[in-house]
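Notebook open, model loaded. I am jotting things down in the order I looked them up.

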Amino acid sequence: MPDGGGGHRAQQAQPIRQFILKTHSRCNLACTYCYLYAGPDRTWRDRPRRPAPAVTARTAERIAEHVAAHRLPEVAVVLHGGEPLLAGAAALAADVDLIRRTVPAEVHASVQTNATLLTREAVTTLRDARIRVGVSLDGGRSAHNAARVDHAGRPGWPAAARGLRLLAAHAPEAYAGVLCVVDLRADPVEVYESLLAFAPPAIDLLLPHGNWTAPPPGLPAPPADPAPYGRWLTTVFDRWWQAGRRRTRVRLFEECVALLLGVPAATERLGLQPFTAVVVETDGSVEQVDSLKSAYEGAAATGMDVFRHSFDDVLAHPGVAARQAGRAALGAACLACPLVTVCGGGHYAHRYLAGEGFRNPSVYCADLAYLIRHIGARLAAAAGAGPGGHAPRETVP
C-alpha cells in the first residue's frame with residue numbers, strides 16, 4: 001500500500017484542534033460525484049449508521065484529555081456524515097451538550113449538511129444548542145445541482161433550497177455558509193451570483209477531489225487552456241473583488257490573499273501551516289480526513305480508535321505527521337517553486353499517484369499557480385505597483 005508520507009515528521013507535533021465526528025455514516029442523497037460513497041473506499045459499508053452512546057462518551061473524554069494535556073483554550077467539533085441530520089437535530093444537540101460538559105475548553109460546534117432535512121424545528125434546535133450550520137450546495141439554481149439526487153434519482157434541490165431559506169430567515173446567527181464544488185460546465189459568475197441569493201455569510205469554493213491516478217473532470221487540460229479551474233476561479237474572484245459592496249466572504253480567496261501578504265492561513269488547501277484535524281467514525285475509529293478516501297481504499301485509516309488510543313497517539317501516525325511536516329512532506333518540484341509558501345503543494349489528497357504516494361505536486365498545480373498569480377497581480381495593482389505591473393516581492397512570489 002502506498003504510504004501517506006511516512007518518514008516525514010513535523011519538528012514539533014501540533015495538537016489537534018478540530019474534531020470531525022461522524023454522527024451518521026449514511027446519506028439520504030446519492031450525488032453522482034461523491035468521493036465518499038462513489039469513490040474507491042468502501043469502509044463505510046461495515047460501520048454502524050450511528051455511534052453508540054459509549055463511542056460518543058469516550059470521544060468526549062478523549063477530547064477532554066487532549067485539551068487538558070495541551071492546555072487548549074478552544075477546539076472545534078464538526079458534526080459530519082453521511083448526512084448528520086439523519087440522526088435528528090435533537091440527538092446532535094445532545095451530543096454537543098455532552099461534549100461541552102466534558103471538555104474543559106470552549107467548544108465551537110458546527111454541522112455540515114445537505115439541508116434537505118432542515119425544518120423549522122430542526123433549525124431552532126440547532127440554533128438553541130449553539131451549533132452553526134454549513135450547507136453543501138453546488139449553486140443557487142436547480143440546474144447547478146443536477147448531480148445531487150436521492151437514491152431514487154429524484155432531485156434534492158427543492159428540499160435543500162427550502163431548508164436553506166429556513167436557515168437564513170429564522171436562524172441567521174447559526175448560518176455558517178455554503179460549500180460549492182466547482183463545475184467547469186457551469187458559468188462561474190452565474191454560480192456565484194445565484195449563491196448570493198441565499199445570503200450566505202461565507203462561501204467555500206471546492207475543487208473536485210481527484211489525483212494523478214484518477215484525475216478530476218477536465219484534467220489533464222488541453223494546451224489551449226492549461227488551467228481551466230484556475231480560470232474559472234479567477235473569474236469569480238474578479239466579480240467578488242471588484243464588487244462595490246462585499247456581500248459575502250469567499251474563504252479560498254481570503255486565504256490566498258492572507259498568504260500572499262505573509263499572514264498564516266489555517267487551511268487544508270493552501271499554505272504550509274500544520275493540519276490539525278482528525279475524524280472519529282461511528283464505530284470509534286480515528287481516521288485522517290475523508291478527502292484522502294478519494295485516493296485509494298484505506299488511505300485515511302490509522303488503525304486507532306478512541307477506546308485504545310489517545311489523540312496524542314494519533315499525532316504520531318506517519319500519515320498525520322506528514323500533514324504537519326510542511327516543506328518536509330513536499331517533493332522537489334514543489335520545493336523549487338517560488339509559489340510554495342502560498343500554494344503549500346495544494347490539497348494533500350490531490351497529490352496522490354499510485355505507486356508513489358503523496359510527494360507530488362497537486363493535480364491542480366497549473367490551476368493553483370494561475371489563481372495565485374492572478375490574485376497577486378490584483379493585490380499589486382491595489383497597492384499601487386509601478387506602471388510595469390511589477391509587484392513588491394512580499395506581495396507576489
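I started at Pro220, which I found in the loop between β6 (202-206) and α6 (228-241). The bond joining Leu219 and Pro220 is a cis peptide, with omega about 0°.

Before going on, a note on what I am reading: this is a predicted model, so I keep local features to pLDDT of at least 70 and side-chain atom pairs to pLDDT 80 or more, while totals for chains, interfaces and linings use all residues. Residues are numbered from 1 along each chain as its sequence is written, and side-chain values use heavy atoms, with hydrogens and water left out.

**Loop between β2 and α2**

I looked for another cis peptide bond and have one joining Gly81 and Gly82, omega about 10°. Gly82 sits in the loop between β2 and α2. Glu83 is in the loop between β2 (74-80) and α2 too.

Is Glu83 buried or exposed? I get 1% relative accessibility, so Glu83 goes down as buried. My cut-offs are under 20% relative accessible area for buried, over 50% for exposed and partly exposed in between, with a 1.4 Å probe and protein chains only.

Next I listed what Glu83 touches, skipping residues up to four places away in sequence: His24, Arg26, Cys27, Asn28, Thr113, Asn114 and Leu117. Contact here means heavy atoms within 4.5 Å. For Asn114 I also took the C-alpha to C-alpha distance to Glu83, which is 6.9 Å across 31 residues of sequence.

**Positive phi**

Ala115 is not a glycine, yet its phi is positive, near 75°. I place Ala115 in the loop between β3 and α3, and with 0% relative accessibility it is buried.

Ala199 is another non-glycine with positive phi, about 50°. Its loop runs between α5 (188-196) and β6. At 53% relative accessibility, I have Ala199 as exposed.

Arg130, which follows α3, has a positive phi near 55°. That took me to the helix itself.

**Helix α3**

Which residues of α3 (residues 120-128) are buried? I noted Ala122, Val123 and Leu126. They span an arc of only 100° around the axis, so they lie on the same side of α3. The arc is taken from the directions from the helix axis to the C-beta atoms. A reminder to myself: an α-helix has 3.6 residues a turn, so residues three or four places apart point the same way.

On the face turned away from the buried side I found the exposed residues Glu121 and Asp128. The buried residues of α3 pack against α2 (89-102), β3 (106-113), β4 (131-136) and α4 (157-170).

I then took the pair α2 and α3: the packing angle is about 5° and the axes are 9 Å apart. The axes are lines fitted to C-alpha atoms, for helices over the stretch in contact, with angles running from 0 to 180 degrees between N-to-C directions. I therefore wrote α2 and α3 down as roughly parallel. That label is for angles under 35 degrees; over 145 is roughly antiparallel, 65 to 115 roughly perpendicular and the rest oblique.

From α2, the contact uses Ala89, Ala90, Leu92 and Ala93, and from α3 it uses Ala122, Thr125 and Leu126. By class I have 6 nonpolar, 1 polar and no charged. Nonpolar covers Ala, Val, Leu, Ile, Met, Phe, Trp, Tyr, Cys and Pro, charged covers Asp, Glu, Lys and Arg, and the others, Gly among them, are polar.

**Ser291**

I found Ser291 in the loop between β9 (285-287) and β10 (301-305). With 5% relative accessibility, Ser291 is buried. Leaving out neighbours within four places in sequence, Ser291 contacts Tyr35, His209, Glu268, His347 and Ala349.

**Cysteines**

How many disulfides does the structure hold? I count 0, taking a disulfide as a pair of cysteine sulfur atoms within 2.5 Å. Cys180 is in no disulfide, and the nearest cysteine sulfur, on Cys31, is 12 Å away. Cys180 is buried, at 1% relative accessibility.

Cys337 is in no disulfide either; the nearest cysteine sulfur, that of Cys365, is 6.3 Å off. I put Cys337 down as partly exposed, with a relative accessible area of 28%.

Key
Helix = DSSP H or I, 4+ residues; strand = E, 2+ residues; numbered from the N terminus.
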